Amino acid sequence: MKRFNSLRTTCLVALFAVGTTAMAEEQPANLDLDSIQPTRDQMVASLNTVELLRRHHYNRIRLDDALSSDIFDGYMRQLDPQRSLFTAEDIKAFEQYRYRLDDLLLAGDLSVGFAIHKRQIERLSQRLEFAGSLLDEELESLDFSSDQQILADREKAEWATTDIDLLQLWRNQIKDEVLRLKLAGRDMDAIKELLSKRYKGQQIRLNQTRSEDVFQNYINAFAQAYDPHTQYMSPENAENFDINMSLSLEGIGAVLQSDDEFTKIVRLVPAGPAAKSQKLAPADRIIAVGQEEKDMVDVVGWRLDEVVKLIRGPKGSNVRLEVIPASNPPTDLTSREVVLVREAVKLEDQAAASSILKFGSGENEQRIGVIEVPGFYIDFKAQRRGDPDYRSTTRDVRRLLEEMEAENVDGLVLDLRNNGGGSLQEATELTGLFINRGPTVQVRDTQGKIQVLDDTDAGISYNGPMAVLVNRLSASASEIFAGAMQDYGRALVVGEPTFGKGTVQSIQPLNHGELKLTLAKFYRVSGQSTQNRGVVPDITYPSLLDTTEIGESYLPRALPWDTIPPADYAIDRQLPPLLSQLSERHQLRAANDPDFTYTLARVELDRGIKEREYLPLNETMRREQQDAFDATLLQLENQRRSARGEEPLAELEETDPLLTLNPAANEEEETKDDPFLTETGQILIDLLELQQRVAKAS
């Protein structure tokens with residue numbers, strides 16, 4: 001290994017010494033970097049993108065030196081998110097362009113963006129070559145008994161100062177990867193085989209880099225300086241999958257995104273194979289994909305579109321996913337295999353459904369109706385052809401409300417957990433079922449003009465006590481509806497702060513690819529934006545998801561929360577005076593509820609793990625940390641089971657208890673076993689009692 005280090009150091013010193021003038025001199029094997037040049041079509045597309053963003057983006061940001069600096073920083077984050085490829089010398093060479101990118105983009109000059117990206121390709125190729133050599137020559141001699149440690153998150157770390165520092169960083173990162181796999185139960189032979197295949201596969205894909213890949217990354221660094229939902233799509237991406245990178249509904253039913261080297265699950269489509277499996281949850285990381293009985297293919301370091309293509313397949317066929325659960329501590333790479341059958345998610349499978357919660361017995365029995373709304377859907381094709389029985393959220397909920405009335409329910413819970421949105425028209429019409437008439441949402445465009453959408457139909461389908469149950473994955477149209485119910489005082493909003501997506505996008509075709517850009521912003525009838533903050537519940541439940549990693553506020557350069565003048569609407573003022581009493585009663589119950597207690601303790605445990613700044617590269621110390629986490633987790637679970645009258649566990653089960661509490665991962669969980677839904681029903685019963693007291697006092 002000393003021979004390789006000496007050779008590699010010489011190469012790196014030579015590369016660093018010549019600065020930007022040598023960006024294309026040292027090339028990875030089998031990849032001709034000189035051939036990666038911007039095309040005329042890309043130059044024209046970049047000019048079109050510049051004009052569209054300057055003239056039509058909601059933000060109306062000037063393309064000047066300040067924005068150039070933001071584009072520069074975003075590009076560095078995109079190419080080297082953990083600051084483990086570029087050196088301080090590289091960054092110094094790039095800095096001369098920090099305030100020139102705006103001028104270059106205005107001129108259609110993509111050369112600097114391409115040159116910087118090609119330097120990243122060189123660095124990554126060097127790292128992969130170094131990693132392969134280390135596995136071949138030094139793996140067995142790696143020392144896991146030293147007092148070395150590694151920075152857990154290098155997003156804001158200093159760049160490596162010298163080539164020697166960079167080599168040491170790479171060595172420690174590979175050592176950390178080996179250690180994580182050891183702790184996950186793999187022996188050294190299996191680790192060597194896995195990592196060798198992974199690094200070789202990454203090198204092969206790196207050598208297949210095309211001009212289109214470089215162009216897309218650079219233009220997206222520019223586009224996403226405006227906001228995270230503004231995005232350029234290459235012709236291939238525009239054709240193959242939608243802008244959110246969600247899988248085809250004839251697949252596994254999951255929305256995915258890239259997260260450094262990993263592919264992360266963002267959301268499960270209700271009634272889809274992933275949700276039905278009860279073995280996957282948001283923030284799980286996919287590390288390998290297998291077809292039927294064939295060998296698993298490691299996908300760490302793959303591009304998102306490549307992973308999506310691998311997961312897609314014929315309806316009825318099996319796909320195997322190896323995932324690292326989100327519930328694992330950051331250092332734990334223990335994974336599990338999940339087998340899914342690809343299938344189309346049918347409209348009727350996602351349709352609103354009802355159930356009834358029963359409290360008490362005999363004459364004291366109280367019945368709370370529950371309507372679960374997985375999405376805001378409408379069968380536009382059936383509607384356009386005049387089918388009188390076309391399906392929509394509002395039509396289905398209206399029918400279920402009639403059934404609830406026949407059942408003499410005392411209150412209603414509208415469950416919008418994990419509802420990612422859908423038709424704006426349906427959000428407005430559903431709101432109309434619960435108010436007489438009036439505004440439902442406001443939309444402000446890039447010119448500052450405000451459009452107010454109204455429910456113009458008189459009449460109310462349900463006028464009784466009501467709660468809207470939301471969580472972090474309730475987004476877009478869900479937030480519009482929940483916000484309207486809260487503003488009108490028509491319903492209690494209960495659960496977690498929602499996702500916070502309050503912007504409107506439009507797809508604009510280019511001469512080469514497409515541009516999705518933000519054109520407008522949603523506002524509640526009260527004038528508050530749903531953007532960034534989401535809808536804050538009247539009564540808040542502990543979050544089952546890491547809200548620091550999921551939600552609009554997590555996205556870089558997300559548009560801010562703000563307000564506009566309120567619309568003209570009538571507020572029902574019966575609920576606000578009762579909120580403090582309802583919250584107090586809920587807190588008393590939650591303090592003695594095993595599921596609420598477990599969730600709160602688990603959130604704190606996970607937060608403590610993620611706040612560790614450094615991780616030891618000492619195997620004994622790392623095992624002690626993992627064993628301590630597992631022991632605490634087992635203790636929490638047994639406390640929960642004891643309070644529920646269940647037998648304690650001798651060791652942790654494979655299924656995380658949070659999955660059984662999280663409807664995002666367990667769509668078929670029976671209503672009676674859903675503690676958060678049950679508590680929402682209990683809150684409604686409290687509301688009924690307090691309203692009756694007020695009525696008697698009056």
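Good morning. I begin with tyrosine 218, which is buried, with a relative accessible area of 1%; buried means under 20% relative accessible area, with a 1.4 Å probe and protein chains only. Tyrosine 75 is buried as well, also with a relative accessible area of 1%.

Please note that this is a predicted model, in which local features need pLDDT of at least 70, side-chain atom pairs count only at pLDDT 80 or more, and totals for chains, interfaces and linings use all residues. Residues are numbered from 1 along each chain as its sequence is written, and side-chain values use heavy atoms, with hydrogens and water left out.

The structure holds 11 aromatic pairs; rings of Phe, Tyr and Trp (its six-membered ring) pair if their centres lie within 6.5 Å, and planes under 30 degrees apart count as stacked, over 60 as edge-to-face and the rest as tilted. The rings of tyrosine 75 and tyrosine 218 have centres 5.1 Å apart and planes at 50°, so this pair is tilted. Tyrosine 75 belongs to helix α3 (residues 65-79) and tyrosine 218 to helix α9 (residues 211-223), so the pair ties together parts 143 residues apart in sequence. Helices here are DSSP runs (H or I, at least four residues), as are strands (E, at least two), numbered from the N terminus.

A further pair, phenylalanine 434 and phenylalanine 481, is edge-to-face, at 6.0 Å centre to centre and 70° between the planes. Phenylalanine 434 sits in the loop between α15 (424-432) and β14 (438-445), and phenylalanine 481 in helix α16 (residues 477-487). Both phenylalanine 434 and phenylalanine 481 are buried. Finally, Phe86, Phe94 and Trp159 form one aromatic cluster.

How values were computed: Buried means under 20% relative accessible area, exposed over 50%, partly exposed in between (1.4 Å probe, protein chains only).
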